[in-house]
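Have the sequence and the 3D view at hand as you read.

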Amino acid sequence: MTVTVRDLARRSQAAAGAKDRETWLGLFAADAVVEDPVGPSPLDPAGKGHRGADAIAAFYDAVIGRVDRLRFEIERSYLCGEEIADVGAIHMDLPGGAAAVVRGVFTYRGDGSGKLVALRAYWDFDAVEFA
C-alpha cells in the first residue's frame with residue numbers, strides 16, 4: 001500500500017494528539033524542517049525553522065511536549081502531488097487549566113518514500129484564541 005502525504009499528515013496529527021513523541025519524530029526525514037509558525041516568532045526568533053532530527057526533537061519537547069492535550073480540527077484539505085494543505089484549527093489544553101485555539105493553514109511535504117520533509121504552519125501568533 002502506498003503511503004500518501006495525506007496519510008503522513010494524519011499520522012503526524014494523531015501522534016501529536018496522542019503525545020507519541022517517537023512516532024511523531026519517526027515520520028520525518030533526516031534533513032526535514034518544521035516551521036511552526038512560518039517566519040519569526042517567540043517559538044523561532046530567527047524565523048528559519050527547526051531543521052534536522054535534533055532540532056525537530058527540541059521543537060517537540062518545547063512545544064508539543066508541554067501541552068496537556070492537543071486536537072486537530074481539519075475543515076478543508078487540499079492534496080497536490082507530494083504536498084497537502086490542511087485548513088483548520090489546533091485545540092490545546094494548556095498546563096494550569098487554560099485552553100488555546102490556533103487557526104491556520106498547515107502544510108506537509110512528503111519525499112515520496114513515506115517520510116515528511118517539511119511541516120509548515122501558517123498562523124498568526126497574536127491571533128491565538130485563549131479561554
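Which side chain meets that of Glu-35 in a salt bridge? The partner is Arg-120, with 2.7 Å from N to O. Glu-35 lies in strand E1 and Arg-120 in strand E6 (residues 116-122), so this pair ties together parts that are 85 residues apart in sequence. A salt bridge here is a side-chain nitrogen of Lys or Arg within 4 Å of a carboxyl oxygen of Asp or Glu. Helices (H or I, at least four residues) and strands (E, at least two) are DSSP runs, numbered from the N terminus.

Before going further, a word on the basis. This is a predicted model, in which local features need pLDDT of at least 70 and side-chain atom pairs count only at pLDDT 80 or more, while totals for chains, interfaces and linings use all residues. Residues are numbered from 1 along each chain as its sequence is written, and side-chain values use heavy atoms, with hydrogens and water left out.

**Charged pairs**

Side chains of opposite charge can pair when their charged atoms come close. By the rule above, the model has six salt bridges.

| Pair | N to O distance |
|---|---|
| Arg-10 and Asp-86 | 2.6 Å |
| Glu-35 and Arg-120 | 2.7 Å |
| Glu-129 and Arg-103 | 2.7 Å |

How are the members of these pairs placed, buried or exposed? Buried means under 20% relative accessible area, exposed over 50%, and partly exposed in between (1.4 Å probe, protein chains only). The Arg-10 and Asp-86 side chains meet in a salt bridge. This pair links distant parts of the chain, 76 residues apart, with Arg-10 in helix H1 (residues 5-17) and Asp-86 in strand E4 (residues 83-93). Arg-10 is partly exposed at 29%, whereas Asp-86 is buried at 0%.

Glu-35 counts as buried because its relative accessibility is 12%, and Arg-120 is partly exposed at 25%. The salt bridge between Glu-129 and Arg-103 ties together parts that are 26 residues apart in sequence, since Glu-129 is in strand E7 (residues 129-130) and Arg-103 in strand E5 (residues 99-110). Here Glu-129 is partly exposed at 36%, and so is Arg-103, at 46%. Elsewhere, a network of salt bridges links Arg-21, Glu-22 and Asp-61.

**A residue in strand E5**

Strand E5 also holds Thr-107, which is buried at 16% relative accessibility. Which residues does Thr-107 contact, leaving aside its neighbours within four places in sequence? With contact meaning heavy atoms within 4.5 Å, they are Ile-84, Ala-85, Ala-118, Leu-119, Arg-120 and Tyr-122.

**Backbone points to check**

Most residues other than glycine have a negative phi, and most peptide bonds are trans. Two places are worth a look with that in mind. Asp-36 and Pro-37 are joined by a cis peptide bond, with omega about -5°. Pro-37 sits in the loop between E1 and strand E2 (50-51). Lys-19 has a positive phi, near 60°. Lys-19 is in the loop between H1 and helix H2 (21-26), and is partly exposed at 31%.
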